[in-house]
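Please examine the sequence and the model shown below.

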Amino acid sequence: MSQVAVVHYPNVHFNYYCIIPHPTELQVLLLAGEDGWSLPSFVPYEHHFGMVGHINQSIKDQLGLNVTTLRCFYQDYCSDTNTRCRVYAMENHSLDSVLANATTNFSISNYTTLGCFVSRDRQLRNYSTSGTGSSLGD
């Protein structure tokens, strides 16, 4: 099956990160990686911030979770690497899901920022759990 994108910028690298809440606790899902813990992420083919079906499907394929993308919570662009990073807020519908051992739930009640879990390449500024992260235009 070929991918058809509404918007695709072949010369810009995109990284998408997903804030997936625990279904009943004040926690978000983090995955273990080579550089430590990170929000679930993927490199999208579709680059329009409002097209979200592929985001839901990516999380389903990667983690087996049924989610709904609520909104683009934050975005940033690094001109040095021609990389755009977007963070999406998700609703988690997988109440009984069992995840692999390489995951953890991070309690957001103890922290005011999740920026260190977002980008392996570059820290995002002003990314707070209160939803007041800055948003840069396309």
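The chain contains 1 helix and 7 strands, where helices (H or I, at least four residues) and strands (E, at least two) are DSSP runs numbered from the N terminus. Along the sequence these elements follow the pattern β-β-β-β-α-β-β-β. This is a predicted model, in which local features need pLDDT of at least 70, side-chain atom pairs count only at pLDDT 80 or more, and totals for chains, interfaces and linings use all residues. Residues are numbered from 1 along each chain as its sequence is written, and side-chain values use heavy atoms, with hydrogens and water left out.

Four strands form an open sheet in the order β4-β1-β6-β5, with mixed pairing; two strands pair if DSSP finds at least two bridges between them. Strands β4 (41-42) and β5 (67-78) are at the edges with a single partner strand each, so one side of each has no neighbour in the sheet. Strand β1 (residues 13-19) pairs with strand β6 (residues 83-92) in the parallel sense over 7 bridges. Within this pairing, phenylalanine 14 has arginine 84 of β6 as its bridge partner.

Helix α1 (residues 53-63) lies across β1, β4, β5 and β6, and runs at about 105 degrees to β5. Such angles run from 0 to 180 degrees between N-to-C directions, with axes fitted to C-alpha atoms, for helices over the stretch in contact.

Of contacts (heavy atoms within 4.5 Å) between residues at least 6 apart in sequence, 66% join residues at least 24 apart. Of the 138 residues, 39% count as buried, meaning under 20% relative accessible area with a 1.4 Å probe, protein chains only.

Technical notes: Buried < 20%, exposed > 50% of the residue type's maximum accessible area, 1.4 Å probe, protein only.
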